[in-house]
Amino acid sequence: MKKPRVIAPRRRPIAVGALKSPLAVGRHSSPPSFPIIGIGASAGGLDALEQFLRQVPPQCGMAFVVVQRLDPTQKGMMPELLQRITRMKVMQAKDRAVVQPDCVYVIPPNKDMSLLHGRLHLLVPSAPRGLRLPIDFFFRSLAADQHEHSVGVILSGMGSDGTLGLKAIKEKAGVVLVQDPRSAKFDAMPRSVIDAGLADFVAPAEELAAKLILYQRHLPRIRQPDLPLEAKTLSALEKVVILLRAQSGHDFTLYRRSTLHRRIERRMGIHQIGRISAYVRYLQDNPHELGILFKELLIGVTSFFRDPAAWDYLARKALPALASRRTPGTKLRAWVAGCSTGEEVYSLAMVFKEAMGMVKPIRQVTLQIYATDLDRDAIDRARQGFFPENIAADVSPERLARFFVKEGAGYRVSKEIRAMVVFAVQNLIMDPPFTKLDILSCRNLLIYLAPELQKKLIPMFHYSLNPGGLLFLGSATSLGAASRLFAPLASKERIFRRNESPMTSAPPELPPVFVPVMANRMEAPCPTQPPVVSLQSLAEQVLHEAFVPPAVLVNDQGDILYVSGRTGRYLEPAAGKANWNILAMARDALRYHLSSALHKVKRESGTVSVHGIRIGTDTDPKLVDLTVRALQEPKALRGMVLIVFIDVATAAESGPKPRAEKVPQRNARLAELERELQHAHEEVQANREEMQSSQEELKSANEELQSTNEELQSTNEELTTSKEELQSLNEELQTVNAELQSKLEELSGTNNDMKNLLNSTDIATVFLDNDLQVRRFTPKAKTIIKLIPGDEGRPITDLASDLVYPELADDARHVLQTLVAMEKTVTTRDGRWFTVRHLPYRTTDNRIDGVVITFADVTHAKNVEIGLQTEHREMKVHATAQALKMEDAKHRLQSEIEGRKGQAPRRKPAPGGRTAERGES
C-alpha cells in the first residue's frame, strides 16, 4: 500500500526567527510560539514511532518529545534508532534543555520529565519501578505549560499510562491523537484513551502525522485577546449557542466567553474550518457535531484528591470540627455540584471516613452525598465506580487497599463508599438546588461560568447551607463580592464556613429563558456637551432654599422616606439603635401633636393642621405650625403622608408693641393651659373612637378565629387520621424494605455463586442480547475472543477473535429465529478446537432475551480422534498392502505351477503299463 505523501506547512518567519535564539527563550517566561507535541508509547511503540516520524517533514516547525516506559537499568538506544528514519535532529533530553522546533527529544532511562516555559526538566522518579507513570507526568506538565496549544499523541503500549495526562490536556482545550487499536501491537493504552472519551483523532500511526499537520495549518483564531469581537463573529457565536440550546436543551449564554471561544476554535481546527460562519453551517448540517461540541463545553475533567493540601485540611480539621458540632448519630448532607465522572465525590467520601477515625466513637455521624452533573454519560460512568489502574498516581496505596477492590485492569470503589453517594443529572442554573446541607463542594464548574452568573450562584450556595456549613471551592475560584456571606477557614485551600448573619436578599431566581449577552459589543462613544443653563431651575433652587418650608415624607407607619430642607429644629436622631420613625425622632414638644395629627389623617384622610405649637426653651421660645396631609396624587405617592413645618414669629420677634396691647402673663398662661386641655379632650375623643373601632375589629376577628379554630380542629382530626395511615404505611414500607434488603443479599450471594460456578466450569461463555451485543462473559472467554470489561454493550461482530468461524453471528441470529439449539466444532488460528453451542437465553418468565454461546475446549479429544483416524488409515493401508502382496504371491505361485506343468515332457508307457511305472517309480 502506498503511503500518503505529507506536504509540510510553510513556517511563519516570525516564529522561526524567534526560535533560532535559545538565549531569548531562556530570558523570557512566555511559552514558545511553536507547537510542542508530546508522544507517549510503551510496548510495541518503536514501530509505531517509526511509522509516525517517517511521515513528518523535516521542516515542520514543530518539536516532538517522546516519553516511553524504558528499562531503568539499560542504556537508552532510542535516539539512534529513530535518527535512521527521520531527517529531524533526534537527541536524548537533557536537564533544562530549551526545546527547539524540528527536533525530537527522547526521555532518558530512569527519569521523569516535565516542561516549564519551554524547557525540559529531568527529575528522579519518586515512585517504585512498577508504579511509575512517566507519560502522565509529562502530559500534565505539557498541559500546564502550553494550555490550549498542547498536543498529546498516544501510540502502542500496555496499561493505561497517559490517560490521566490527556485529561489534563483536554481540560486546557488541547488536542489528543490516538493510534487505531487495530493497528497497534498492544492496544491497551490507545483503547484506554478512547474508552475515556478523550480522542480527537483515531488513525493508524502513519496517518496521524498528516492529521496533526492539517490541524496546525487550519487552526483558526476567532479573536485576538486584546481586541473586541466583530459584529459578525459575535452573531455567529450566538447562533452556535442557539443551536446548542435547540439540540441539548441547555443554555450556554452565561458560559465564560474565553472558554467558549477556545472550544469552538478547537473543533474548527479539527475539521479544517477557517471561518466561524462556515462552522455554524457545518453544525446545522451535522447534528452529531453539536453533540461533540456539547461534550467539549462540559469539560468533564477531574481527578482524585486534586489539591492534596485542601483535602488534608478537610480531613484533619474541617470535617472533625463539623462532626463535633452535630448530635451523635446525625446524618450529614453534602452536595457535589459538577461532579463529572465521580472522582471528587468518592474523594470526599473517603476523606470523611478517614476524618471519622479521628473523632471519638460517641461523636460519630454519617454522611449522605448528592452528586450532580449536566452530562448524563459522565453520571453513568460515575455510578459504575470503576477506574483505570493509573489512579494509583493520585490515590495512595493505603486508600487503594481500604476503599477499592481490584477488578480486571482497574479498581472499583468498595460498597461502603458507593453506598454513601446518590448520583443525579441536574442543571445547576435551571434546576432547584439541594437545601439543608452541611457540605457543598463546587470545584470544577464556577471557573467556566461568567462572573455575573457566579454572583448569583454564590448566594444560592449560602441559601442551601445550614448555619456553620462548609463551602469547598476550586483553587481558581473566589467569592468576590459575596465574601460577607462566608468566613474563610482556609483561604488558600478555598474552604469557607457559612456566616450566621441572614442574607440581605431572597435566594436568586435564575432566568429560564435565553437572552443573548451583548456585553462585548463596543458602542461608539457619544460626544458630551455641557448642559444648558436653565433660568427656571436656578430660580426654583433659590426659592426652595429661601422660602419653601421644611417637610418630611413618611409612609403609613411613620417611617421617613424623604426629607426636604433643614429639619434639625424639629427632629433629632433617637439614642440607641438607628430608628427612622418620625415619632421616635420628633422633639418632645412636637411628638404629642404629631402623633394626634397622624392618627387623624389615617382615619379621615385629607389634611390636618395644628397651629402655635411652642418649641424651644424658655429663654428662646419658638412657635411652629404643623400641617399633615395624606397624599392621593401622584399615583406613585398614594398612601404616603407629607408633614410640613412652618415657623411662626413670636411676640418678641415681631418687635415692641403699645403698652395697652400687652396681655398679662397670667392670662397667657391660662390660654396655653386651655389649649392643652382642648388638645387632651380631642386626644381622648380620638382614642375613644379608635378604641370603639378596634373593639368592632376585634369582635369580627374573634368570630373569624372561632371559625378558623373549628376548621383547624377538623384539619387536626384529618391529620391524626392521616398520621395513623402514614404510620401503618411506614411499617409496611419498613417490612417491604427489609424484604428487599434480604432479596438483595440473596441476589448478591446468588450472583457470587453464579460467578464462581461459571469460573469453575472452565467453559468459555458469552451472553448476547437480542441485538447480538455482549451482555456478559466469563474470564475464560477472553482467551478465545479479544474481550475487555469495556466491551459490554458492543456488537459481537466488532470484536476480534482467534476462531476460524465467520458464521458465528449468522448462527446466533438463526438460533434467535428458530429457538433451536445449534452445535458446531470449530478450530482456531493457533490449532485449538472448540465445540461451540448456541442456546436461546430464556428468562424466568419463559421469554427469549438473547443467546448464550458456550465454547467447550475439545482440543485434546480432537487430537486423539485425529490420531486414531490417522492410525486407522495407516493400518488400513498396511492391510491393503499385505493383501495385495499375498494376492501377488498367489498369482506368481499359480503362474509358476502352471509354467512347470507346461514344460514337463510326455512319456510313452512302458510295457507292462502301470506296473512298469510303479516299478520305475
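**Figure 1. Aromatic pairs in the predicted model.** This predicted model holds 17 aromatic pairs.

**Figure 2. Trp311 meets Phe472.** Here the ring centres of Trp311 and Phe472 are 5.2 Å apart and the planes stand at 85°, so this pair is edge-to-face. Trp311 sits in helix α13 and Phe472 in strand β18 (residues 465–473), which makes this a link between distant parts of the chain, 161 residues apart. Both Trp311 and Phe472 are buried. Take a look at the face of Phe472 as well: Arg443 lies over it, at 4.4 Å from the ring centre.

Figure 3. Which residues form the aromatic cluster shown here? They are Phe304, Phe305, Trp311, Tyr346, Phe387, Phe404, Tyr411, Phe423 and Phe472. Now compare that list with the largest nonpolar core, which has 48 residues. Inside this core, the residues with the most contacts are Phe304, Leu314, Tyr346, Ile369, Phe404 and Phe423. Beyond its neighbours within four places in sequence, Phe404 is in contact with Phe304, Met350, Phe387, Ile391, Val395, Arg399, Tyr411, Arg412, Val413 and Ser414. Another core, of 46 residues, lies apart from the largest one and includes Leu293, Leu298, Leu449 and Phe461. As a rule, nonpolar side chains in soluble globular proteins tend to be buried together.

Figure 4. In helix α15 (residues 376–384), you can find Ala378, Ile379 and Ala382 buried. Why do they share a side of α15? They cover an arc of only 100° around the axis, so they end up on the same side of the helix. Arg376 and Gln384, on the other side of α15, are exposed. Among the elements that cover the buried residues of α15 are α14 (343–356), β12 (366–373) and β16 (421–425). Both ends of the helix are worth a look. At the start of α15, a side-chain oxygen of Asp375 comes to within 3.1 Å of the backbone nitrogen of Asp377. Just after α15, Gly385 takes a positive phi of about 65°.

**Figure 5. Asn390, a buried loop residue.** Asn390 lies in the loop between β13 and α16 (397–403). With a relative accessible area of 2%, Asn390 is buried, because buried means under 20%. What does Asn390 touch, leaving aside its neighbours within four places in sequence? Asn390 is in contact with Leu133, Asp136, Ser160, Asp161, Thr163 and Leu164.

**Figure 6. A charge over a ring, and the whole protein.** The charged end of Lys862 sits over the ring of Trp833, 4.8 Å from the ring centre. Stepping back, the protein has 25 helices and 30 strands. Of its 921 residues, 39% count as buried. Among contacts in the protein with a separation of 6 or more, 65% are between residues 24 or more positions apart.

Conventions:
Residues are numbered from 1 along each chain as its sequence is written. This is a predicted model: local features need pLDDT of at least 70, side-chain atom pairs count only at pLDDT 80 or more; totals for chains, interfaces and linings use all residues. Side-chain values use heavy atoms; hydrogens and water are left out. Buried means under 20% relative accessible area, exposed over 50%, partly exposed in between (1.4 Å probe, protein chains only). Helices (H or I, at least four residues) and strands (E, at least two) are DSSP runs, numbered from the N terminus. The arc is that of the directions from the helix axis to the C-beta atoms. Contact means heavy atoms within 4.5 Å. A polar contact is a pair of N or O atoms within 3.5 Å; within protein, one must be able to donate a hydrogen and the other to accept it, and residues adjacent in sequence count only if both atoms are side-chain atoms. Rings of Phe, Tyr and Trp (its six-membered ring) pair if their centres lie within 6.5 Å; planes under 30 degrees apart count as stacked, over 60 as edge-to-face and the rest as tilted. A charge sits over a ring if NZ of Lys or CZ of Arg is within 6 Å of the ring centre and within 35 degrees of the ring normal. A nonpolar core is a set of buried Ala, Val, Leu, Ile, Met, Phe, Trp, Tyr and Cys residues joined through side-chain atoms within 4.5 Å.
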